[in-house]
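Good morning, and thank you for coming.

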Amino acid sequence: MSDMSDGNGFQERPGGTDSPHPNGTGSPNGHVRLSTEGLPAWLDPVARAAETVLPTQLSRFLPPESGAGRQSAVLILFGEGARGPELLLMERSGNLRSHAGQPSFPGGSLDPEDGDPMTDGPLHAALREAEEETGLDPRGVQIFGVLPKLFIPVSDFVVTPVLGWWRRPTPVGVVDPAETARVFTVPVSDLTDPANRATTIHPSGHQGPAFLVESALVWGFTAGVIDRILHFAGWERPWDRTKQVPLDWRA
């Protein structure tokens, strides 16, 4: 570990957030390229994990072999905040038909103009949806990795998690209250803090990891992906898996 660590195992390359780099960055002409060049050093383990992780190592819910399901993508966007590395999340509107009121990554279904779901379509969709939901400028986002496609049975979504580095941050906030209740960032150090970790039990009986951060209970698909990223990046700290939090924890 270098002497530039922030004490949580995250390291920063000198000048890593300042040097401009167009590759892997969303652009208004719709061209998106994937690149790991110029990433801050603390993101290296995430980029390496994206290259080797297997679908079964991320979730037991995998896309149907028949090819059925609604193709979609989410943007897992890492940035640098006042407290170091952080992750961009949003809280879905309580009026939505699926996953209402649930914290999530920005994202949604692929549109025809996004392109081929098997190639760069998910990259376009992740950036487009993030812009529509949070107002971020996709030109400041460098796409550096893509995780294997996963499945959300309850909504029939086949989801491609797209990894991004917020190279040039821009203001974010609620664009459409009908879709988004709030937009917020979470320090990675809070996500790795054992005090903020718990297990939730869905009414169906399914158990999964959860995070109590920023006055929100992050659970379900989003928490599962975050949990696996922390694990395979080597950031995970031992936590009490017997600690349970009900989904109606505010009640």
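Helix 5 contributes 3 residues to the lining of the second largest cavity, the most that any element gives. Please bear in mind that this is a predicted model. Helix 4, which spans 188–192, also supplies at least two residues of that lining, as does helix 5. The cavity itself holds about 40 Å³ of space.

Which residues line the second largest cavity? They are Phe 78, Leu 87, Val 188, Leu 191, Ile 226, Ile 229, Leu 230 and Trp 235.

I turn now to the largest cavity. Its volume is about 60 Å³. Two helices each provide at least two residues of its lining: helix 1, covering 44–52, and helix 5, covering 220–232. The lining comprises Val 46, Ala 49, Ala 50, Val 53, Leu 58, Leu 147 and Leu 163, together with Arg 228, Ile 229, Phe 232 and Ala 233.

How does this lining divide into nonpolar, polar and charged residues, and how many are there of each? There are 10 nonpolar residues, no polar ones and 1 charged. Arg 228 belongs to this lining, and arginine is counted as charged.

Let me draw the two descriptions together. Overall, the count comes to 2 cavities of 30 Å³ or more. Thank you; I welcome your questions.

How values were computed
Residues are numbered from 1 along each chain as its sequence is written. This is a predicted model: local features need pLDDT of at least 70, side-chain atom pairs count only at pLDDT 80 or more; totals for chains, interfaces and linings use all residues. Side-chain values use heavy atoms; hydrogens and water are left out. On a 1 Å grid over the protein atoms alone, a cavity is a set of points where a 1.4 Å probe fits but cannot get out, and a pocket is an open set with protein on both sides within 12 Å along at least five of seven lines; lining residues have an atom within 4 Å of a point. Grid points are joined across faces, edges and corners, and a volume is the space filled by probe spheres set on the points. Helices (H or I, at least four residues) and strands (E, at least two) are DSSP runs, numbered from the N terminus.
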